[in-house]
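Dear colleague,

Please find below the structure that I am handing over to you.

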Amino acid sequence: MWRGRDVISARDFNRVDLEELFEMARYMEKYAKSRVEFLKGKIMAVAFFEPSTRTRLSFEVAMKRLGGDVIGFWGAEGTSVEKGETLADTIRMLDAYSDIIVIRHKYEGAAKLAAEVAESPVINAGDGAYNHPTQAMLDVYTIWREFGTVDGLNIGLLGDLRHARTINSLLEILTNFKVRVYLISPELLRPRVETINYIQSRGLMLSFHTNIEEVIHELDVVYVVRIQKERFIDPLEYERIKGSYKITLDTLKNVKKNLIILHPLPRVDEIDHRVDSTPYAKYFRQAAFGVPLRMALLYLILQP
């Protein structure tokens, strides 16, 4: 089901796929700080044309924990891209040297192009402002691990829901489960129309809100992304809005006992650092799950 498969868009995976991935990730947790030889002799090429910390490092650690090796680059500096080499030619070169390619790129569609060019499987580690499927898989895996299920939960997405590629992929993944999603953002930062149309056509229950205080008592999960200052023409408008989309201790006064707060990281100031010490803060555990989740992904795709 997974063997030899590309991972380009969250839309390409159904509930059966995800449940298999999650079970394997849970199995891989016991090896997340040791080394096994499941993928001995395999080579993963990383082509990160954009900066990354957690995604890149967790993929590299995952491959090394599985006994494989890693080659690649992190930024175009010092590569033939600086000389004008096309993306397609770069991918062909990496394809010749490796068994799987993990790509991050600023342009939407770059991962799809890479998959069309390469004979080896390609994993999209984020392209453009729309797709980040493995982050969404990680997000939902964290929810699954915390609650033992995803079905029946009320999930709030807070912040800039239009430009955060993690949000698009997360919404698409969530269409595989019976959840209610609360979209909490300024009106101009709601998800793209095409995203809304797709997830509604899949039957995902949605409601729109502009104030976290109105709904936080109903939520089981709060998933936070930053309000992107660069998207505002008027700096005063940004200053007015940003405080309304910040999680503080005051925000958490009347929440469910088992509420969890997630964030794809890095954060700026959208979660008060004092929240870190509360039982609701799960974003660092979420980041740690990135290793076993991606170990599972690599193993299922490259399994002998």
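**Findings in the predicted model**

Leu-157 stands opposite Tyr-223 in S8. Please bear in mind throughout that this is a predicted model. The two residues belong to a pairing in which strand S5 (residues 154–158) and strand S8 (residues 221–224) run parallel and are joined by four bridges.

**The five-stranded sheet**

Strands S5 and S8 are part of an open sheet of five strands with parallel pairing, arranged in the order S7-S6-S5-S8-S9. Strand S7 (205–209) and strand S9 (260–262) each have a single partner strand, so one side of each is left without a neighbour in the sheet. On average, and with direction ignored, neighbouring strands of this sheet are turned by 20° against each other.

Helix H5 (residues 133–147) packs on the sheet, where it touches S5, S8 and S9. The direction of H5 makes about 165° with that of S9. Helix H6 (residues 165–174) lies across S5, S8 and strand S6 (180–184), and it runs at about 165° to S5.

**Helix H6 and its two partners**

Two packed helices are described by the angle between their axes and the distance between the axes. For H5 and H6, the angle is about 55° and the axes are 8 Å apart. An angle of this kind makes H5 oblique to H6. The crossing in which H5 passes H6 is right-handed. On the H5 side, the contact involves Pro-133, Gln-135, Ala-136, Met-137, Asp-139 and Val-140; these meet Thr-166, Ser-169, Leu-170, Ile-173 and Leu-174 in H6. Sorted by class, the contact of H5 with H6 has seven nonpolar residues, three polar and one charged.

H6 also packs with helix H7 (residues 193–201): their axes come within 9 Å and cross at roughly 10°. H6 is therefore roughly parallel to H7. This crossing is left-handed. Asn-168, Leu-171 and Glu-172 of H6 make the contact with Thr-195, Tyr-198 and Ile-199 of H7. By class, the contact of H6 with H7 has three nonpolar, two polar and one charged residues.

How many residues of H6 are buried? The count is 10 of its 10 residues, and the helix is mostly covered. Among the buried residues of H6 are Arg-165, Asn-168 and Glu-172, as well as Ile-167 and Leu-171.

**A buried loop residue**

Val-150 has its place in the loop between H5 and S5. Is this residue buried or exposed? Val-150 has a relative accessible area of 1%; because buried means under 20%, the residue counts as buried. Leaving aside residues up to four places away in sequence, Val-150 touches Val-140, Ile-143, Trp-144, Leu-174, Phe-177, Lys-178 and Val-179. Of these, Val-140 and Leu-174 also take part in the contact between H5 and H6. By contrast, Val-150 and Ile-71 are 36 Å apart in space, C-alpha to C-alpha, and 79 residues apart in sequence.

**Strands S3 and S4**

Strand S3 (residues 100–105) pairs with S4 in the parallel sense over four bridges. Within this pairing, Ile-103 has Asn-124 in S4 as its bridge partner. Six of the six residues of strand S4 (residues 122–127) are buried, so S4 is largely enclosed by the rest of the structure.

Yours sincerely

Notes. Residues numbered from 1 in each chain as written. Predicted model: local features only at pLDDT ≥ 70, side-chain atom pairs only at ≥ 80, totals over all residues. Heavy atoms only, no water. Pairing = 2+ DSSP bridges. Axes fitted to C-alpha atoms, helices over the stretch in contact; angles between N-to-C directions. Contact = heavy atoms within 4.5 Å. Parallel < 35°, antiparallel > 145°, perpendicular 65-115°, else oblique. Left-handed = near helix turned anticlockwise from the far one by under 90°. Nonpolar A, V, L, I, M, F, W, Y, C, P; charged D, E, K, R; others polar. Buried < 20%, exposed > 50% of the residue type's maximum accessible area, 1.4 Å probe, protein only.
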